[in-house]
Amino acid sequence: MPLSAWLAAPALLLTITASAAQALAPAAEPDAQRQAQLIRMVRQDCGSCHGIQLTGGLGPALTRQTMADIPTNSLVATIYHGRPGTPMPGWKTMLSETDATWIAQQLQIGFPLEQRARP
Amino acid sequence: MTRSLRHLLAPLLLGTAALLGCAAVPTTSAPALLVPAGRGSGDLGLVIERESGSLGVVDTSARQRLGTIEGLGDLSHASVVYARDGAQAYVFGRDGALTMVNLLTGRIEARVAQASNSIGGAISTDGSLVVAQNYQPGGIKVFDAKTLALVADIPAVVDGKPSRVVGLADIPRNRFIYSLFDAGQIWIADLADPTKPVITKFENVGKQPYDALVTPDGRNYIAGLFGEDGLVKIDLWTDQPKPERILPGYGRGQQALPVFKMPHLRGWAVAGRTAWLPAVGRHEVLVVDTDTWQEVARVPVAGQPVFVMARPDGRQVWVNFAVPDYDTVQVIDTQTRQIVKSIKPGKAVLHMEFTPRGDAVWVSSRDDHRVSVIDTQSFDTLAVLPAKSPSGIFFSSRAARTGF
C-alpha cells in the first residue's frame, strides 16, 4: 500500500463511519434484488476464501460468533478497503458503501442463505 | 453393478465401516447411473456441484452426464484425485470430509470426517495412500487408499503455531511435498514406511506460499508466494535440494491490483520447455524457461488469472479469471505467445479440464449452472450439460499423471 493510501485511510474510515450510521436507517439498505445479489456474492465469491458456509478457509471464519463482537465500522472498512498485509482485497470496485454496510450487518447477525430458483 | 453383486458386497462394505469405526457408509438411495455392466472407466469424470454437495458423473466420449452421486457435504473448494483404476475417486471437501466414490456404481464406498477444514489432497505414486492437506487443524493426514483408515497424522507446527497446508503434491516413491502458508516453509513427507514418516523441512522459502505445482516429470516443485513478488522452486533431482527464488520482483514498482480470488497453480501449465504461471495482483501470465528459470515473456490478459492450464500437447494455454472478469476464458498460443481467442462460455467460469489428448476442454459456469464442452481447435461448443453451481471438473485420466 503506498504512503498516500495510508494517509488517506483515517479520512476514508470517517466517511465510512458516517455512512454506516446512515445505513442503519432502513431507507439506505440495498433493495431486495441487490440484497439477493449480495447474498450470492458473499456465499459464492467471498466463499472461495471464507467457505460457502463462511466457516473459513484461507480467510477467517465469518460466522456470527466471530463477527458479532467486531465493531461494524471495522468490518465495513475491511470489506470496502481490504486489509493490507493479508490476502483480503478491498471490494469497492464491486460494492457501494451501502452494500458493504449491509453485508457487515448481516454477518453480525448470521449471514442469510441464498434463496433462489433452481434452473 | 448387478443386483446380486451389490447384495454380496454390501455386508462387506458395512463390515469394513464397522471395523474402521470412524468411517461410515451412508444410506443413500440406489444409484441411478447409466453405466452399463462391464464398462471401462478411462473416459469418465466428475463435476463438483459445490452447493448441493453432489457430484455429476460424466462420460467424456459421449459428452453426457451419466448420473449424480449425492451426500458429500460442503464441496466449496472441493478437489478430487483418482485411484489408479480410474474408477474410484477420492473427494476432499471443504468441511474436512474425505469421501471415496466409485464412478461405475455411483456409490459412496467410504467416508471419513478427517478435519474441520480441508483444502485438497493427493494420492501416492503406488496408489496405496491418500493424503489430505488441511487448514483446520492444519498439517496433513495419511489414509489407506482402500479403507480410508488413518495411517499417519503429521501436524505442521512451527514455533508452537499450527500452519495451514497448501500446494500438496505427490512426488515419486510415495513422497509428498507441501507448503506451509502461515510458516513460510516447504516440507517433504517420505512415506516409504507410512507408519514412520520421515520429514524434510525447508525454512524461509518466502512469505505466504499459497499454492504449488509439481512439474509433469516430478522434478521441480514450484510454489507461488502471496506475501511477496516471486515464486520459489525446489529441484528435487539435485543431491541437496534447496529452495530457490524464481521471478523475484515480477511486479516491482507497480501497485498490486486487488486479488479477488487466489490463483491456482495445481493443474500445471508446463508446455514444452516453458512454464506458464499466473501473476498475483497483476493481469498477466508469466512465461518462464524451465531450463534457465528466467522469465522469457509475459502475456497481458483480461483479469487476475486463476487457472493457467496447458492443453496436454502444450500448444495452447487456457486461462480463466477471478471475479469480476470470470465470464471470460482466454486462449494463448504458446508458439506466438499471443492470445488467439477470448470466449464467454457462461457466467462465473470456475474451472476447465481437458480431455486426455486435448481435443476438447470442459468448462464449468457456476452461475449459469452448466458445463460447456468446447472444441480446442475450432472453439465451437460441442455440448452443454446441466450441473448445479458447478466448480471443479476432474477426469479419470488424472489417475495416470504425477501431480494430479
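## Contact between the chains

In this predicted model, the contact between the two chains draws 19 residues from chain A and 22 residues from chain B. On the side of chain A that touches chain B, the residues divide by class into 8 nonpolar, 10 polar and 1 charged.

## Composition of chain A

Chain A holds 5 helices and 0 strands, and its elements follow the pattern α-α-α-α-α from the N terminus on. The chain has 119 residues, of which 35% count as buried. When contacts in chain A between residues at least 6 apart in sequence are considered, 61% of them join residues at least 24 apart.

## Helices 2 and 5 of chain A

Helix 2 of chain A covers residues 32–50 and bends by about 30° at A:Met41. The buried residues in helix 2 of chain A are A:Leu38, A:Val42, A:Arg43, A:Gln44, A:Asp45, A:Cys46, A:Gly47, A:Ser48, A:Cys49 and A:His50. Helix 5 of chain A, residues 97–109, is included in what covers the buried residues of helix 2. Just after helix 2 of chain A comes A:Gly51, with a positive phi of about 85°.

Helix 5 of chain A consists of 13 residues. From its first C-alpha to its last, helix 5 reaches 19 Å, close to the 18 Å expected at 1.5 Å a residue. Its buried residues are A:Glu97, A:Asp99, A:Ala100, A:Thr101, A:Trp102, A:Ile103, A:Ala104 and A:Leu107. A:Gly110 follows helix 5 of chain A and has a positive phi near 100°. As background to both helices, an α-helix has 3.6 residues a turn, so residues three or four places apart point the same way.

In chain B, 4 strands form an open sheet in the order 8-9-10-11, with antiparallel pairing. Strand 8 (117–123) and strand 11 of chain B stand at the edges; each has a single partner strand, so one side of each is left without a neighbour in the sheet. On average, and with direction ignored, neighbouring strands of this sheet are turned by 20° against each other.

The pairing can be followed strand by strand. Strand 8 and strand 9 of chain B are joined in the antiparallel sense by 6 bridges, and B:Asn117 stands opposite B:Gln136 in strand 9. Strand 9 of chain B, residues 129–136, is linked to strand 10 by 5 bridges, again antiparallel. Here B:Ala132 stands opposite B:Lys141 in strand 10. Strands 9 and 10 of chain B form a hairpin with 3 residues between them, and B:Gly138 in the turn has a positive phi of about 85°.

Strand 10 of chain B also pairs with strand 11 (residues 150–154) through 4 bridges, in an antiparallel arrangement. Across this pair, B:Ile140 stands opposite B:Ile154. These two strands of chain B form a hairpin with 5 residues between them; in its turn, B:Leu148 has a positive phi of about 65°. Why is strand 10 of chain B largely enclosed by the rest of the structure? Of its 5 residues (140–144), 4 are buried, so strand 10 of chain B is largely enclosed.

Another open sheet of 4 strands in chain B has the order 22-23-24-25, with antiparallel pairing. Its edges are strand 22 (270–271) and strand 25 (295–300) of chain B, each with a single partner strand, so one side of each lacks a neighbour in the sheet.

Within this sheet, strand 23 (residues 274–278) of chain B and strand 24 (residues 284–289) of chain B run antiparallel and are joined by 5 bridges. B:Ala275 has B:Val288 in strand 24 of chain B as its bridge partner.

Strand 31 of chain B, residues 360–365, runs antiparallel to strand 30 and is joined to it by 5 bridges. One of the facing pairs is B:Met352 with its bridge partner B:Val363 in strand 31. The hairpin of strands 30 and 31 of chain B has 5 residues between the strands, and B:Gly358 in this hairpin takes a positive phi near 80°.

Notes:
Residues numbered from 1 in each chain as written. Chains lettered and ligands numbered in written order. Predicted model: local features only at pLDDT ≥ 70, side-chain atom pairs only at ≥ 80, totals over all residues. Contact = placed C-beta atoms within 7 Å. Nonpolar A, V, L, I, M, F, W, Y, C, P; charged D, E, K, R; others polar. Buried ≥ 20, exposed ≤ 12 C-beta atoms within 10 Å, placed from the backbone. Pairing = 2+ DSSP bridges. Bend = angle between axes of the 7 residues up to and from the residue. Expected span 1.5 Å × (residues − 1). Axes fitted to C-alpha atoms, helices over the stretch in contact; angles between N-to-C directions.
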